[in-house]
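Let's take a friendly walk through one protein model. Please have a look at the picture before reading on.

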Amino acid sequence: GDVCTGVFMDMFLAIAIIFGGLIFLYVIFAEEVRSERRMDSHVDATVARLFQDEEAAFNGTNGNEHRPFFVEFVEENQKRHILPVKKTVYNKLNIGDYGRLRYNGFRFIDFSKEGEVIENLPVSRFGTHKAWVNIMYGCDKFCTYCIVPYTRGKERSRLVEDILSEIEELKGKGFKEITLLGQNVNAYGKDLKEPANFAMLLKSVAETKIERIRFTTSHPWDFSDEMIEIIASYDNIMPYIHLPVQSGNSDMLKIMGRRYSIDEYKTLFGKLKERIADCAFSTDIIVGFPNETDEQFKQTLEIVEHCQFDNAFTFIYSPREGTPAAQMADNVPKDVKKKRLAQLNAKVAQYALKNNQAYIGRTVEVLVDGPSKKNPEIYSGYTRTQKLVNFKADGVISGDLVNVTITDCKTWFLIGEKA
Ligand code: SF4
């Protein structure tokens, strides 16, 4: 009897354990499914917002939009789409999350980490007059706060002939403006077997005679004299340079891993300003980097005063997991960071307005984006120097290059009438 009871008890226990285990696994599985779904609906909302904001960012009629940020979407089959998004949307998304986000077979940003550049990619376009052309992927700079070299891998350049044929095709379709895109376009070609660099590429692109050429982003470290000469000597390379400075203090720049001192930055800036007629400049600045003192921050304000940027994209430092800076004690109090950002933004706005005021009375060339949604008599577009202009006109269409007389301005845009 005892033996029998013992066997039954053992069997009962075994069955109970198996069932318990199965129930446990089911609960875990169900939770995973639920969290996948939560993730999906989060992504749905995100993507919906991205697309909405993309429109807003580029309809150009809402006054204070500046340079767009780009988010890459990658289809499972390696097709890429690059969409411009507003800074606010960009900031809402944590770059580190992109690789994990999936949407209808799209992944965000985490484009092939290493190796080949896939050709025949669809181009990103705005209407039928502006397009973005990728020239390279990845970054080898390893600034200590930046996750890009880890998520996007080493610098890989597209071949010159592929880039040129894409631009010829766009030109054939009537596109007026192309922007050459890369994390650091100045490093273009370093990884190619054939001798190629960004100056050579820019020259070849200029010789396609497409109307307007822009490029972004340029790291100050790789900006060669040859590049400056090419920009200065071709009329279809636009006089607008985005030159991220990040801090006005050389010790900070060193801790950030930026590879230039503030004096070197000033020298480069001076050369660009001198060689390129009527050139506009924008920059990126981080405040509240670990250990940033009041004195060092003051030097950031000083570099803004020195360069009098037309625009600056300013950020409060926040650590990105997996970067060297994330190991540093983030010892600048939050309210100090916020105060510094507000002070910096006020200074940036002051020069933006001052630079815009200098346009009043001038007649400038504008590439028309389209009519305002609110008022069909008002069109918007950008100057050669990448200034947004809202202007009165009739009978113009998007893609037209028109002359506009500037009559007034706000901090972030110009106001005018078709000349
Ligand atoms: S900040 Fe720019 S240059 Fe520096 S690592 Fe990141 S992508 Fe490269």
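This is a predicted model: local features need pLDDT of at least 70, side-chain atom pairs count only at pLDDT 80 or more; totals for chains, interfaces and linings use all residues.

**Two helices side by side**

Next, find helix α7 (residues 225-233) and helix α9 (residues 262-275). Their axes come within 10 Å and cross at roughly 25 degrees. Because angles under 35 degrees count as roughly parallel, α7 is roughly parallel to α9. The crossing of α7 past α9 is right-handed.

Which residues of the two helices meet? The table names them for each helix.

| Helix | Residues in the contact |
|---|---|
| α7 | Asp225, Ile228, Glu229, Ala232 |
| α9 | Leu268, Lys271, Leu272, Arg275 |

By class, the contact of α7 with α9 divides into 4 nonpolar, no polar and 4 charged residues.

**A pair of aromatic rings**

Finally, the model has 8 aromatic pairs. One of them is formed by Phe269 and Phe309, with 6.2 Å centre to centre and 75 degrees between the planes. This pair is edge-to-face, because planes over 60 degrees apart count that way. Phe269 sits in helix α9, while Phe309 is in the loop between α10 (294-307) and β13 (311-316). The two residues are 40 residues apart, so the pair links distant parts of the chain.

Key
Residues are numbered from 1 along each chain as its sequence is written. Side-chain values use heavy atoms; hydrogens and water are left out. Axes are lines fitted to C-alpha atoms, for helices over the stretch in contact, and angles run from 0 to 180 degrees between N-to-C directions. Helices (H or I, at least four residues) and strands (E, at least two) are DSSP runs, numbered from the N terminus. Angles under 35 degrees count as roughly parallel, over 145 as roughly antiparallel, 65 to 115 as roughly perpendicular and the rest as oblique. A crossing is left-handed if the near helix is turned anticlockwise from the far one by less than a right angle, and right-handed if clockwise. Contact means heavy atoms within 4.5 Å. Ala, Val, Leu, Ile, Met, Phe, Trp, Tyr, Cys and Pro count as nonpolar, Asp, Glu, Lys and Arg as charged, and the others, Gly among them, as polar. Rings of Phe, Tyr and Trp (its six-membered ring) pair if their centres lie within 6.5 Å; planes under 30 degrees apart count as stacked, over 60 as edge-to-face and the rest as tilted.
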